[in-house]
Amino acid sequence: MSEFYDSLEARDPEVREAALMAALPRQIALAQQRTTAFAALLAEVDAAAITSRAALAQLPVTRKSELLARQQAERAAGGDAFGGFSAIGWGAARRVFQSPGTIYEPEGARPDYWRAARALHAAGLRAGELLHNSFSYHLTPAGSMMEGGAHALGCTVFPGGVGNTELQLQAMAELRPSGYIGTPSFLKILVEKAAEAGQTLSLRRALVSGEAFPSALRDWLLERGIAGYQCYATADLGLIAYETPAREGLVLDEGVIVEIVRPGTGDPVAEGEVGEVVVTTLNPDYPLIRFGTGDLSALMPGVCPTGRTNARIRGWMGRADQSAKVRGMFVHAGQVGEVLKRFPALGRGRLVVEGELAQDRMCLHVELAGAPDGLSEPLVAALRDVTKLRGEVQFVPPGSLPNDGRVIEDRRRFD
């Protein structure tokens, strides 16, 4: 029984990078040619020239808010429900799903369209097993996403969906599945309800997602005979990263190019620094280029002890779409990034908001080595120009700001 899903997982990192960079210009050209959204967003881009991560980093980041706005505008005008981002439409799309917003995502006809099989395999699930799928089959793609991966592995799936705990436990008792797919919180409910009823579950492995999976819950499940692993996937992109038996971060999927950028910008950060997860997918049906997930994470050094050679991230570390309302006006992470971009000598920055009862004060803390050399006044002016609000500036030593991806810190108390 192979530890790897396929040979791609153990490729030499240089071979993988060369393959990804060779696929990148083709994917950008496809997006330009087959989607109206990227035809507009990348109108001035020569796809053939985007053959490196440095070149990719020069392209704009498209965030979920922009995708939503384009979808809403198109639908209001009687146009494309996908806002011009999908390369396939009715007929070619096997299913269409709805996510909060409302955002619609297409599912193409390729087997394992969302690439979930790799995560299921890493969690120890194998062909010939029965898997109990408690992700939703209603509106959102989670249930279909995992079922497609299970079928690619050669597994049979019980489509439990959400809720109906008693009926799901009855099915588990009578069908005796070896694996569970769903949220970790619902798995805990099932285990507790089964114990109350004196029922012994047959589950031995689980792949969970959609929520945080703290180590305390992982250990609690293991004490009850269930080895749980997590994966990171979204309705727009499918699988992004997955956990392995090493339990040291999440290994990136083979079908995506992942960057970690400074929140509010498109600028890649150094390895180990927390930033926003930005993904370029190689999916030809839904070719999202530099799609900002809004999630925070960080790249980890080295490779997975299991022998998988792709890069790893630390997992979900919070949200990057930060904002604060100061003196009646919203300040966004992107505005902080815009201020810092005007001064290339500066390091990381964090806007700290303090005050009580309409006495808001904001101060931009900026990392800088050595004396500021007259930077304070132009930096204060830039802050006011971009945010339309007065603020102060404080220079701090490099590396002194917390590595948590936060660009705006609201210290105000409203109680």
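UniProt positions are given in the numbering used here, feature names are shortened, and annotations may be inferred rather than shown by experiment. With that in mind, an unreviewed UniProt entry lists residues 149-280 as "domain: AMP-dependent synthetase/ligase". The structure is a predicted model, in which local features need pLDDT of at least 70, side-chain atom pairs count only at pLDDT 80 or more, and totals for chains, interfaces and linings use all residues. Residues are numbered from 1 along each chain as its sequence is written, and side-chain values use heavy atoms, with hydrogens and water left out.

Over residues 149-280 the chain is 29% helix and 31% strand, with end C-alpha atoms 21 Å apart. Helices (H or I, at least four residues) and strands (E, at least two) are DSSP runs, numbered from the N terminus.

**Helix α4**

The expected span of a helix is 1.5 Å times one less than its number of residues. For the 13 residues of α4 (residues 64-76) this gives 18 Å, and the end C-alpha atoms are 18 Å apart, which agrees. Leu 67, Leu 68 and Gln 71 of α4 are buried, that is, under 20% relative accessible area, where exposed means over 50% and partly exposed lies in between (1.4 Å probe, protein chains only). Viewed down the axis, the buried residues of α4 fall within an arc of 100 degrees, so they line one face of the helix; the arc is that of the directions from the helix axis to the C-beta atoms. Ser 65 and Ala 76, on the other side of α4, are exposed. Gly 78 follows α4 and has a positive phi, near 80 degrees.

**Sheet**

An open sheet of four strands has the order β1-β13-β12-β11, with mixed pairing; two strands pair if DSSP finds at least two bridges between them. β1 and β11 are at the edges with a single partner strand each, so one side of each has no neighbour in the sheet. β1 and β13 run parallel and are joined by two bridges. Arg 63 has Gly 292 of β13 as its bridge partner.

**Nonpolar cores**

A nonpolar core is a set of buried Ala, Val, Leu, Ile, Met, Phe, Trp, Tyr and Cys residues joined through side-chain atoms within 4.5 Å. The largest has 40 residues, of which Ile 28, Val 258 and Leu 288 touch the most other members. Its largest share, six residues, comes from α1. Beyond its neighbours within four places in sequence, Leu 288 is in contact with residues including Phe 38, Leu 67 and Val 279.

Notes:
Contact = heavy atoms within 4.5 Å.
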